[in-house]
Amino acid sequence: MKKSKLQILTNGIIKENPVLVLVLGTCPTLAISTQAINGIGMGACVLVVLTCSNIIISALKKIIPDTVRIPCYITVIATFVTIVQLVLKAYAPALDKALGVYIPLIVVNCIILGRAEAFANKNSVVDSALDGIGMGLGYTLTATVMACIRELIGSGTLFGATITANLFSPFTILIMAPGGFFVFGCLIALVNKLTKGKVKEKRVNKCLTCPGAEFCNEVQEGGCDK
Amino acid sequence: MSGYVIPVVMTVVIAFIASALLTLAAKFMSVPVDETAVAIRNQLPGANCGACGFAGCDDYAAALAADPDGVKTNLCVPGADGVAAAIAAILGQEALDVIEQVANVRCSGDCNATKTEMDYQGLKTCAAVKNFFGGPGACKYGCIGFGDCERACPYGAIQVCNGLARVNREVCVGCGMCASVCPQKIIDIIADVKRVHVGCNSADKGKDTTKACSAGCIGCKLCEKECKFDAIHVINNHAVIDPDKCKNCGLCAKKCPKKVIHVFPKPNVKPFVKVDEAAS
Amino acid sequence: MSSGKHLKGVHVNHSKNTAGMPIIPMPVPERVYIPMSMHIGAPCQPVVAKGDHVKVGQLIGDCDKPVSAPIHSSVSGDVESIEQFMTQNGRVDTNIVIKTDGKQEIAETVVPPVINSREDFIKAVRASGLVGLGGASFPMSIKYNTKPGQVDTLILNGAECEPYITVDHAAMLAYAQDMVDGMRTIMKWLDIPRGIIGIESNKPDAIAKFNEILAGSTDISVCTLRQVYPQGAERVIIYECTGRHLIAGKLPADVGCIVSNVTSVLKLQQFLTTGMPLTTKFLTVDGNIVAKPQNVEVPIGTMICDLIEHCGGLTGEVKKILLGGPMMGRAIPRDDFAILKSNNAVLCFDEKFAAQRKETACINCGRCVAGCPMNLMPARLSRAFKDKDIDALREYNVMSCMDCGCCAYSCPARKQLNFEIKQAKTLVMEDDKKKKAKAEAAAAKEAAKAAEAEAAKAAAEAKEGGNK
Amino acid sequence: MSLTAAFYIVLSAIITNNYVLSKFLGICPFLGVSKKLDNAMGMSVAVIIVMVVATAVTWPIQTYLLDPNGIGYMQTIVFILVIAALVQMIEIFLKKYIPALHKALGIYLPLITTNCAVLGVCVLNIDNEYNFLQSILNSFGSGVGFTVAMFLFAGVRSKIETNDYPEAFKGIASTLVAASITSLCFLGFSGMLEKIFGM
Amino acid sequence: MADKHTNLIVSAAPHVCNPTDTATIMRDVVIALIPALAVSTYVFGIRAILMTVICAAACVFFEWASRKIMHRENTIGDWSAIVTGVILAFNLPVGMPFWMAIIGCFVAIVVVKQIFGGLGQNFANPAIVGRIALFIGFATPMTTWSVTKNMSQAIINNAGVDAVTGATPLAMWNAGAELPSNLEMFLGTINGSLGEVSALALLIGGIYLVVRKVISPAIPCAFIGTVAVLSLIMGFDPIFQVCAGGVMLGAIFMATDYVTSPITTSGRIIFGIGCGIITMLIRAYASYPEGVSFAILLMNILTPHIDSITRSKLNGVEKKGAKK
């Protein structure tokens with residue numbers, strides 16, 4: 001079954017959201033999501049690196065020998081990360097300072113290597129680029145949402161603008177380490193709730209498909225009660 | 001110019017040293033890996049259901065790799081034909097069809113047909129209640145109905161409705177998890193193509209069976225007389241079908257005065273399901 | 001005698017309503033139903049047929065397997081039928097149904113056995129049909145058939161730690177002299193130097209009585225036990241009386257002890273003097289809805305409903321009937337079961353007592369650990385059982401549980417801990433079996449391989465030799 | 001460097017600046033391998049070794065090769081290559097000599113390559129301008145900090161593994177909440193080392 | 001034959017049980033907390049009762065609501081939520097805004113307890129985590145202490161110019177100010193969190209619990225003993241250290257929480273000693289004046305390890321080894 005281009009693009013945003021569903025790249029997400037602006041910044045960096053590396057890797061997939069593919073991927077990714085790092089240093093020093101060590105750590109972000117191995121390695125350049133953009137957007141979205149929640153509750157601001165800080169004191173624990181884990185856990189639970197609910201519905205035996213229906217006295221549309 | 005040369009040279013040199021070291025290490029400390037087993041394992045669904053008779057997917061893969069001639073490639077029931085073909089391809093053998101199997105409960109005694117003779121209070125599992133006078137039901141051979149099988153099923157294919165375990169044949173893959181936990185041993189794993197089954201396991205005499213359950217085989221032997229293929233016999237006070245002889249004609253079912261012989265609809269083709277949940 | 005240290009246990013409400021009541025024989029019922037398996041081990045085969053006339057004490061079932069006890073008729077009358085149905089053990093068993101004639105003629109075979117040696121004594125013990133009357137129903141002839149010199153202490157178990165039951169107490173008051181005589185006989189033939197009678201301190205009159213009888217004698221002493229459940233459990237009473245630990249999988253004889261219930265020794269003594277085998281059983285009939293709670297002597301095979309009727313019937317709607325005490329006794333689904341050799345009480349309760357409390361979550365309070373006489377951790381075992389974690393079950397010594405019920409009694413969350421542990425034990429035993437089978441299969445395979453290799457080698461050698 | 005300063009670096013990396021619980025580095029193995037204490041400890045030892053060795057290799061590279069040549073920006077690429085090679089070596093070594101541990105660590109050994117804690121500690125050593133000895137101490141401390149976090153969390157996991165979670169919180173979500181509570185207790189020690197060592 | 005009775009109740013032995021159940025245990029804990037509440041009402045005024053009631057009600061509500069959302073059986077009947085609420089309230093300054101206290105209740109009941117499956121399945125004490133979350137999240141209100149006329153003269157003297165906000169004895173000790181007398185510390189006419197001021201009242205509650213066999217004295221004794229011994233070694237006044245801050249409340253009511261403490265007595269002693277050591281370390285060195293809650297939380301987290309090294313030994317097994 002071939003996926004349409006649109007499907008590839010949207011796949012990463014919701015259905016296979018890299019952070020919440022695949023649980024990849026947790027470290028930087030947790031660390032930088034204290035401010036919404038950082039979430040967007042980090043997301044953008046990941047988006048760029050992911051897309052570029054996906055393109056290059058899928059373009060080079062025929063040339064790279066299978067046995068040394070992982071080191072090659074890492075080198076390609078590290079190159080783009082260095083580029084992004086230099087660009088940030090030059091044009092957005094504040095963001096660079098805020099993200100700090102987590103920019104070089106994009107190299108070891110499992111999302112990028114994971115997509116290189118799982119997708120770019122097997123698909124065309126265009127598809128890979130779309131996948132990179134989709135996954136990058138998914139990452140950005142998650143990081144930003146998480147950062148917004150933590151910033152809003154933890155410091156009463158949003159993108160640096162004061163929202164509720166004057167109304168009541170912010171619950172600062174949310175911008176600290178425990179808050180990060182907690183908000184992340186809750187977001188994953190939310191996604192679980194949204195996706196697993198459907199699966200469960202499918203599993204319920206409907207009476208009419210039940211082979212015991214012919215001798216069951218309680219045949220009804222919704223399946224029998226336990 | 002040197003601004004470009006130095007980083008490039010540096011990286012190349014470092015990479016070269018690292019790769020040289022690695023190559024050496026790999027050479028001197030190599031451990032043979034069974035690539036075949038890994039490849040086969042990747043094909044298996046990962047439900048670790050044990051339907052193949054091995055202690056899980058890893059074990060089956062290892063056994064296949066170690067002894068490709070002795071171990072059959074079509075043992076993975078949940079994986080069905082697709083997996084069998086893939087394994088055969090890896091091993092360079094001809095693909096064998098998987099005999100599709102489903103679970104079948106040898107009991108028809110739901111709450112309407114039979115009743116309990118004690119007020120059991122305690123752990124609600126079949127294995128637990130079996131300790132007390134063989135279960136709360138009037139019939140000591142039939143389904144207890146506390147759903148040990150339901151909890152054991154990784155596919156949600158068996159459910160207790162109205163005090164009786166029932167299999168959804170469309171979902172069931174015949175892994176046998178339910179059969180292994182059933183304390184009454186009334187769940188069989190049978191070929192899906194066999195469609196006629198006796199829904200009773202009672203070893204009591206007809207009179208006692210009737211007393212305990214209105215949906216029990218009374219051993220009247222009408223089915224035995226009706227069968228043209230000598231496929232059904234009353235053994236141990238209940239009818240038993242010999243699957244090798246049964247032709248799915250269903251004549252016995254029509255004749256059965258207690259209606260405990262069931263004819264199931266034609267088997268459907270089952271899609272290959274990879275069970276991520278069971279694996280994690 | 002005791003080492004000052006005690007095993008843990010729980011304090012239970014004694015509810016000994018029938019304390020001080022004498023044991024009154026019950027008139028024979030219309031029919032008795034005697035199952036062929038009233039002991040641990042191989043079931044007996046009927047040696048009478050339908051229509052035969054039997055007398056009291058006549059052998060009606062026997063078995064040639066060593067681990068078994070013969071079965072005697074408890075009444076005189078005619079064998080009405082021999083049927084298969086479920087007994088109170090939950091097993092389908094062969095039952096001899098005897099319609100009584102009310103005459104209670106004694107069989108001609110009932111004569112005191114002649115004993116000249118240890119072997120004769122063991123044979124006589126078997127002929128008495130005695131099993132452990134405390135509830136374990138282990139054939140007594142097997143228990144007493146120890147290696148000479150292995151056992152140095154005979155413990156008479158008069159603890160009777162279960163609530164409600166007073167029948168052993170009553171028997172001790174009535175037959176103390178016979179019990180002491182019985183002990184001396186056993187000690188004589190089995191060459192046991194020391195006898196200890198363990199009695200819980202809530203029976204001061206029984207202790208006084210024994211002390212009076214034993215005044216001046218040195219071979220037998222009375223050990224006063226604390227009022228802590230389960231003093232009557234074999235492992236606990238051995239420790240409390242001798243300070244020896246009996247660990248799981250060992251027999252009391254391994255630590256030099258034989259433990260016998262007071263009534264077992266009494267019945268043995270009666271058999272040795274009169275020749276009358278075990279045909280009646282002392283029972284406490286009690287419970288909050290029994291009209292006339294009392295201690296009765298009941299012919300084995302009497303239906304429980306007949307027995308209840310004899311005790312004045314019930315005053316309320318019965319919801320639960322227990323065979324044995326409330327701590328370890330079994331609840332039965334209906335009352336048409338026959339009394340077996342191992343029963344010692346029939347307790348009937350109504351809704352108020354019987355309703356099972358709802359189970360809640362374990363709060364890790366440690367009361368089960370504090371109450372376990374075996375020093376186990378029931379809460380951990382329960383958890384490991386829930387997870388089906390067999391390694392953890394072994395690690396926490398699941399097999400050492402003796403199912404005394406202290407953990408479940410003291411659990412504030414009302415968890416059925418001992419029942420879960422019981423099932424966990426089954427799980428571990430099944431796993432052991434599987435492992436053993438696997439090991440055997442592997443060994444067989446290995447052996448086959450070796451044999452094959454050997455054969456191949458031999459063939460190659462032969463070939464080589466041929467070539468030469 | 002005085003002994004107290006050395007202790008300060010190690011202890012602060014373990015307690016107050018714990019890599020896992022306050023810097024969010026190495027979360028993947030922290031969540032993945034902490035189910036069983038044995039595996040957690042094996043993984044932790046592997047991480048300590050990789051961290052120390054990686055620092056021992058990367059610090060000289062940065063100081064003597066990259067910086068003098070003015071190509072400090074090559075840091076990321078070079079470091080990751082070196083670390084990848086190191087991890088590969090350790091994997092080969094384990095496979096050969098400690099196969100049981102290799103089997104237990106399973107897929108997580110290759111993941112040390114992409115364990116951000118390792119690269120993170122190398123980069124942070126440079127960023128903080130530690131000298132060689134300080135860098136080694138910091139790496140060791142960070143590794144031990146990772147171990148402590150793993151040890152604590154493995155206990156928690158063993159206790160809550162078979163809990164009856166709400167449907168949505170089954171799996172990783174509840175683990176994260178548990179990690180959140182675990183990380184709370186480390187906050188209590190803030191300021192402690194400064195006071196003890198007078199810094 | 002006599003009347004037959006069928007369909008009787010069949011269940012596993014034992015058929016009798018100890019009348020103590022979870023609810024009675026929790027109720028005893030609530031009763032044991034009443035003396036402390038009485039003292040704090042005397043010291044802080046009626047708001048102490050108000051705070052306690054609001055926290056207890058919030059906890060019960062959250063418990064009920066989360067069970068409802070999870071479609072599980074309602075468990076508010078076991079009193080455990082009330083205990084959590086009351087203990088959490090005891091850990092807060094009396095002037096704390098109510099909405100903040102309710103957030104603490106949310107953390108305690110929903111995050112710490114119900115997400116992990118409810119009573120018995122949490123690995124950390126709900127009240128402790130609730131308190132720490134508030135302490136870190138709302139640092140200022142959690143360390144703002146109002147002064148009332150019933151307090152020790154030393155506290156009133158130490159209070160600021162406005163004579164409304166004061167400091168706890170521990171903060172005063174940290175700052176080197178004049179301290180209340182040990183008698184005042186013991187009786188509780190001092191400043192601090194709502195329920196932790198009166199060592200005497202807490203002690204009465206503790207003795208009640210020990211007498212009722214609700215708690216074993218192992219943890220409180222080990223905890224308080226360690227604090228006393230360590231303060232002697234460190235050169236502090238042991239009576240002051242034991243009576244100040246949350247040691248009494250923590251040792252008697254929070255560290256003894258069954259669910260999050262070891263199950264064996266030896267494990268409980270290790271647990272208590274660990275709590276004491278960490279408390280004193282934090283008091284003496286860390287930037288927070290009080291370390292009881294962090295100490296208990298850390299030991300909660302270590303409990304599984306303590307449990308695994310202090311498993312009860314089987315009777316008679318050593319003997320078997322000797323025989324061999």
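In this predicted model, chain E meets chain C through 40 residues of chain E and 53 residues of chain C. On the side of chain E that touches chain C, strand S1 (9-10), helix H1 (22-44) and helix H16 (317-323) each supply at least two residues. H16(E) gives the largest share, three residues. By class, this side of chain E divides into 17 nonpolar, 15 polar and eight charged residues.

Chain C itself contains 13 helices and 17 strands. Its C-alpha trace spans about 95 × 60 × 50 Å along the principal axes. For 468 residues, a compact globule would have a radius of gyration near 23 Å, and the 25 Å of chain C therefore agrees with that. Of the 468 residues of chain C, 53% count as buried. Among contacts in chain C with a separation of 6 or more, 72% are between residues 24 or more positions apart.

In chain A, the pair to look at is helix H3 (residues 36-60) and helix H4 (residues 69-91), whose axes come within 9 Å and cross at roughly 140°. Angles over 145 degrees would count as roughly antiparallel, so H3(A) is oblique to H4(A). The crossing of H3(A) past H4(A) is right-handed. H3(A) contributes A:Cys45, A:Val48, A:Val49, A:Cys52, A:Ser53, A:Ile56 and A:Ile57 to the contact, while H4(A) contributes A:Tyr73, A:Val76, A:Ile77, A:Phe80, A:Val81 and A:Val84. The contact of H3(A) with H4(A) has twelve nonpolar residues, one polar residue and no charged residues.

Key:
Residues are numbered from 1 along each chain as its sequence is written. Chains are lettered from A and ligands numbered from 1 in the order in which they are written. This is a predicted model: local features need pLDDT of at least 70, side-chain atom pairs count only at pLDDT 80 or more; totals for chains, interfaces and linings use all residues. Axes are lines fitted to C-alpha atoms, for helices over the stretch in contact, and angles run from 0 to 180 degrees between N-to-C directions. Helices (H or I, at least four residues) and strands (E, at least two) are DSSP runs, numbered from the N terminus. Angles under 35 degrees count as roughly parallel, over 145 as roughly antiparallel, 65 to 115 as roughly perpendicular and the rest as oblique. A crossing is left-handed if the near helix is turned anticlockwise from the far one by less than a right angle, and right-handed if clockwise. Two residues are in contact if their C-beta atoms, placed from the backbone, lie within 7 Å. Ala, Val, Leu, Ile, Met, Phe, Trp, Tyr, Cys and Pro count as nonpolar, Asp, Glu, Lys and Arg as charged, and the others, Gly among them, as polar. The radius of gyration is taken over C-alpha atoms; the globule rule is 2.2 Å times the number of residues to the power 0.38. A residue is buried if 20 or more other C-beta atoms lie within 10 Å of its own, exposed if 12 or fewer, and partly exposed in between; C-beta atoms are placed from the backbone.
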